[in-house]
Amino acid sequence: MIDDTKCVKCRASSEVVKLEKCIVCYSHYCDDCAFRATGGRRLCSESCAQILMQGDEDELENEFGPEE
Ligand SMILES: [Zn+2]
Ligand SMILES: [Zn+2]
């Protein structure tokens, strides 16, 4: 089985860059292309960040609760 994992944006292969998996669409993205969403989450794109935020609006309040 060939490992052809690539960044969805710049197409860098996992052999060249460290790839992370988007928790929304499961695409892989590299550090350079990562989108930093509210709460410090990292996703492949802003659109995935928006999907994620819509999905757990209820949880956000807890996450951003009293400052640590
Ligand atoms: Zn990339
Ligand atoms: Zn994504």
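I read along the sequence and got the pattern β-β-β-β-α-α. That is two helices and four strands in the chain, taken as DSSP runs numbered from the N terminus (helices H or I, at least four residues; strands E, at least two).

Ground rules: this is a predicted model, with local features needing pLDDT of at least 70 and side-chain atom pairs counting only at pLDDT 80 or more, while totals for chains, interfaces and linings use all residues. Residues are numbered from 1 along each chain as its sequence is written, and chains are lettered from A and ligands numbered from 1 in the order in which they are written.

Burial next. I call a residue buried if 20 or more other C-beta atoms, placed from the backbone, lie within 10 Å of its own, exposed if 12 or fewer, and partly exposed in between. Of the 68 residues in the chain, 15% are buried.

Which residues form the largest nonpolar core? I looked for buried Ala, Val, Leu, Ile, Met, Phe, Trp, Tyr and Cys joined through C-beta atoms within 7 Å. I found nine: Cys7, Leu19, Cys22, Tyr29, Cys30, Leu43, Cys44, Cys48 and Ala49. Strand E2 (28-30) and helix H1 (46-55) each supply at least two residues of this core.

I checked Cys44 for contacts (C-beta atoms, placed from the backbone, within 7 Å). Beyond its neighbours within four places in sequence, Cys44 touches Val8, Cys22, Cys25, Ser27, Tyr29 and Phe35.

Last, phi. Arg11, in the segment before strand E1 (19-21), has a positive value near 65 degrees. Tyr26, in the loop between E1 and E2, has a positive phi of about 65 degrees. Most residues other than glycine have a negative phi. Arg11 is exposed, with 10 other C-beta atoms within 10 Å; Tyr26 is exposed with 9.

Definitions and conventions
Two residues are in contact if their C-beta atoms, placed from the backbone, lie within 7 Å.
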